[in-house]
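Here is a short briefing on one structure. Start with the sequence and the 3D view.

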Amino acid sequence: MFGFIGKHIGLNLNFRVLFYIAAALLPLALVTGYVRANNIRWYISPSDPYIQTWSDTTAITVDDDWSNFIAINGYRGDDLTTGVGVDPQTVLADGESTPLMVIANQANPNNLAAAGVAEFDGLANPTVALKGSATADAPHLLIQLNKESCPDTKFITVSYNVRDLDSTRTDALQQVALQFRVGTTGNFTNVPGAFVYDATEGSRATRVTPVFGTLPHIPVSDNIIYLRILTTNAAGGINEWVGIDDITIGCYAPTASNVTVSGRVTGGGRATVLMTDQEGNSRSVKTNSFGLYRFDDVPAGQTYTLNAYSKGSQYDPKVVTVADSVTDLDFYPQP
Ligand SMILES: [Ca+2]
Ligand SMILES: [Ca+2]
Ligand SMILES: [Ca+2]
């Protein structure tokens, strides 16, 4: 058949040989697996949240093949940053040109030396996990959504559990950030209330850090939303596998009532936290002796800017959209 095509479309002999080789290798590639992304967007609506618990352990069977999923892919994030211990909230460039990755069918996070993105389906509670390295500078999960079925009066909320999977004595400072982007290209924007400063501890693999973030209002005309959950090569190049599990992305009505916004300011003594609404109205609170602060009676459904001030430390402002109470809006000093 190929000879027939070759004659009729004028392929020369060398092309025909290549054609035969490619045709012969194709089934091999299908059997051994190769890099395959899925490019299907999840249409999020009030009745159709996006949920991923990784309980289907047969969805990933070969390395780097994400084709059995909808809307989610993993990337190794090479050179999105080249430092160690870089705050992932500041790593915003697109990573889709870095290697698509998943190490399939793993059972032991303690002795998987490779890093990047892995599927641990041999755990009692299977999960996909991230781990940084000098190669996998900013490994991440990328989720593609279409929000045209989510009414403009509602918010997109994102929750997941970050799980420490490494029970060796290693204790990395494993940071995890949530980011979003409107549209298919360009930089991402960090979601401050969803930041995890350290998801792990040494000598055990039991810590679970629940994350809850709300995206700011995005105009109706911009329906393509990308979400990204990423870690970075941690300080000292010491890293632990962290599971990104129980992902739920909802289209959520803001609570009509007032909520609380609270967190902690680390470094320095007593700090002052200033909260400013979209109209420029501000109020402030002082942290207690543990560095904790709390604003009560915050109208839900708005976006606020929070600034922290203390002697000897400087902090980046945080912009947070509040659909429900926020309990972990923590400030860490700039290096
Ligand atoms: Ca599997
Ligand atoms: Ca650990
Ligand atoms: Ca740690």
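The points below cover a four-stranded sheet, the nonpolar core and one buried strand. The model is predicted.

**Open sheet**
- Four strands make up an open sheet, ordered 15-14-17-18, with antiparallel pairing.
- Strand 15 (282-286) and strand 18 (318-322) are the edge strands. Each has a single partner strand, so one side of each lacks a neighbour in the sheet.
- From one strand to the next, the twist averages 25°.
- Inside this order, strand 14 (residues 272-276) pairs with strand 17 (residues 302-309) through five bridges, in the antiparallel sense.
- Thr276 sits opposite Thr305 of strand 17.

**Nonpolar core**
- The largest nonpolar core counts 76 residues. Ala129, Ile143, Leu145, Ile156 and Ile244 have the most contacts inside it.
- Domain 2 (42-252) and domain 3 (258-322) both contribute residues, so this core lies between them.
- Ile143 is in contact with Tyr50, Ala71, Ile72, Tyr226 and Leu227, leaving aside neighbours within four places in sequence.

**Strand 7**
- Seven of the ten residues of strand 7 (residues 155-164) are buried, so the rest of the structure largely encloses this strand.
- Strand 7 pairs with strand 12 (residues 242-252) over nine bridges, in the antiparallel sense. Here Ser159 stands opposite Thr248 of strand 12.
- Strand 7 also pairs with strand 10 (residues 208-214), again antiparallel, over seven bridges. Arg163 has Val208 of strand 10 as its bridge partner.

Methods: Residues numbered from 1 in each chain as written. Chains lettered and ligands numbered in written order. Predicted model: local features only at pLDDT ≥ 70, side-chain atom pairs only at ≥ 80, totals over all residues. Pairing = 2+ DSSP bridges. Helix = DSSP H or I, 4+ residues; strand = E, 2+ residues; numbered from the N terminus. Axes fitted to C-alpha atoms, helices over the stretch in contact; angles between N-to-C directions. Core = buried A, V, L, I, M, F, W, Y, C linked by C-beta atoms within 7 Å. Buried ≥ 20, exposed ≤ 12 C-beta atoms within 10 Å, placed from the backbone. Domains from an automatic or database assignment. Contact = placed C-beta atoms within 7 Å.
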